[in-house]
Amino acid sequence: METVEDTTSVAHLDLVRLVERVHRRYLDLFRLDLGRLGVDDLSPSQVLMLFTIGNDELSVRDLIDRGYYLGSNASYNLKRLVETGYVDRNASERDRRSARIRLSDKGRKLCEDVRKLDESYQRLVARTSQEARELEIAFKTLRRLEQAWTSTLRYGETQPL
């Protein structure tokens, strides 16, 4: 009987390194796109945080949990998003010590513009139905990696899913 080790042609570490390179390359491309949109007051990571907020009104804790941000990075980026007018921040009615955040009109507009740009990249990457299926498989594989790593962090050992 053939085992996974016998058929594996891609090492986990090679995949991790590729994911890192793809992420960095995307941020470079995204930075150029933001410049074309006239957005020079936010970083790509800050814009991606807008998508994490989405159409919801969240607490800062919810944002950190949803986006897997470090507290200090999230606080800095959120402060920047509020200062530049992309996010509205209000004290919670139930607990004045807690803030609620949501996208401003400016933040929603930027997300719309970025979605339009993203559609062109979608067409570039998935030109045929076969490529669209391959993209879906890649997405599912990356989600499985995320789940495996999250489980390992949470439970302290490698557990097959």
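Buried means under 20% relative accessible area, exposed means over 50%, and partly exposed lies in between, with a 1.4 Å probe and protein chains only. This is a predicted model, in which local features need pLDDT of at least 70 and side-chain atom pairs count only at pLDDT 80 or more, while totals for chains, interfaces and linings use all residues. Residues are numbered from 1 along each chain as its sequence is written, and side-chain values use heavy atoms, with hydrogens and water left out.

**Confidence**
- The mean pLDDT (the predictor's confidence in each residue, from 0 to 100) is 88 for the chain, and 89% of its residues reach 70 or more.
- Among the elements of the chain, the highest mean pLDDT, 95, belongs to helix 6 (residues 105-125), and the lowest, 60, to helix 1 (residues 4-7).

- Seven helices and three strands make up the elements of the chain, where helices (H or I, at least four residues) and strands (E, at least two) are DSSP runs numbered from the N terminus.
- Along the sequence these elements follow the pattern α-α-α-β-α-α-β-β-α-α.
- Of the contacts (heavy atoms within 4.5 Å) with a separation of 6 or more, 49% are accounted for by residues 24 or more positions apart.
- The chain has 161 residues, of which 25% count as buried.

**Helix 3**
- Helix 3 (residues 44-53) is mostly covered, since seven of its 10 residues are buried, namely Pro44, Gln46, Val47, Met49, Leu50, Thr52 and Ile53.
- Gly54 follows helix 3 and has a positive phi, near 60 degrees.

**The cavity**
- The structure holds one cavity of 30 Å³ or more, a cavity being a set of points on a 1 Å grid over the protein atoms alone where a 1.4 Å probe fits but cannot get out.
- The largest cavity has a volume of about 50 Å³, taken as the space filled by probe spheres set on the points, which are joined across faces, edges and corners.
- Its lining residues, which have an atom within 4 Å of a point, are Tyr26, Phe30, Asp33, Val114, Leu117, Asp118 and Tyr121.
- Helix 2 (12-36) and helix 6 are the elements that give two or more residues to this lining, and helix 6 supplies the largest share, four residues.
- By class, the lining has five nonpolar residues (Ala, Val, Leu, Ile, Met, Phe, Trp, Tyr, Cys and Pro count as such), two charged ones (Asp, Glu, Lys and Arg) and no polar ones (the others, Gly among them).

Key:
On a 1 Å grid over the protein atoms alone, a cavity is a set of points where a 1.4 Å probe fits but cannot get out, and a pocket is an open set with protein on both sides within 12 Å along at least five of seven lines; lining residues have an atom within 4 Å of a point.
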